[in-house]
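I open this notebook to record what I looked up, entry by entry.

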Amino acid sequence: MDVSKSWSRALSLGANLKQQWLQRYGWEILPHPAHSPDLAPSDFHLFGPLKRHLGGMAFETEDDLISELRNWFDNLDVDFFRVGINSLLSRWQKCIHLHGDYVEK
């Protein structure tokens, strides 16, 4: 059995089913770049504060780093994530207005 051909057929079938489902419910497919750091909450909202928090720190072991990361995430306020998700709409609108160019340079 050629796994790559089966995988390719499965992806194609999945794309067709998704397209049919979107048409059935009348959902609009919004234009956007394949990947834009302006539209990925991890890129625009999470990594900057995490980088600032870890800046200048040195870790003896991987476990020390993991412990610090867990501590940082555990102490984040719930609103931290809410703000990141809620800013997606305005960032999406800016990105579309700029024809896919970066919102923040």
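Entry one, a helix residue. I started with Trp21, which lies in helix α1, residues 3–25. The model is a predicted one, and I keep that in mind throughout. I looked up how accessible Trp21 is and found 40% relative accessibility.

Which residues form a nonpolar patch on the surface with Trp21? I found Tyr25 and Trp27 there. Together, Trp21, Tyr25 and Trp27 have about 380 Å² of accessible area.

Entry three, ring pairs. I turned to the aromatic pairs and noted a count of three. One of them joins Trp72 and Phe73, with 5.0 Å centre to centre and 80° between the planes. I logged this pair as edge-to-face, because angles over 60 degrees count as such.

Is Trp72 buried or exposed? Trp72 is buried, at a relative accessible area of 10%. For Phe73 I read a relative accessible area of 33%, so I put Phe73 down as partly exposed.

Entry six, the cluster. Which residues form one aromatic cluster? I listed Trp72, Phe73, Phe80 and Phe81.

Technical notes: Residues numbered from 1 in each chain as written. Predicted model: local features only at pLDDT ≥ 70, side-chain atom pairs only at ≥ 80, totals over all residues. Heavy atoms only, no water. Phe/Tyr/Trp six-rings, centres within 6.5 Å; stacked < 30°, edge-to-face > 60°. Buried < 20%, exposed > 50% of the residue type's maximum accessible area, 1.4 Å probe, protein only. Patch = residues over 30% accessible without salt bridge, like charges linked within 9 Å, V, L, I, M, F, W, Y side chains within 5 Å. Areas by Shrake-Rupley, 256 points an atom, 1.4 Å probe, with all protein chains shown as cover. Salt bridge = Lys/Arg side-chain N within 4 Å of Asp/Glu carboxyl O. Helix = DSSP H or I, 4+ residues; strand = E, 2+ residues; numbered from the N terminus.
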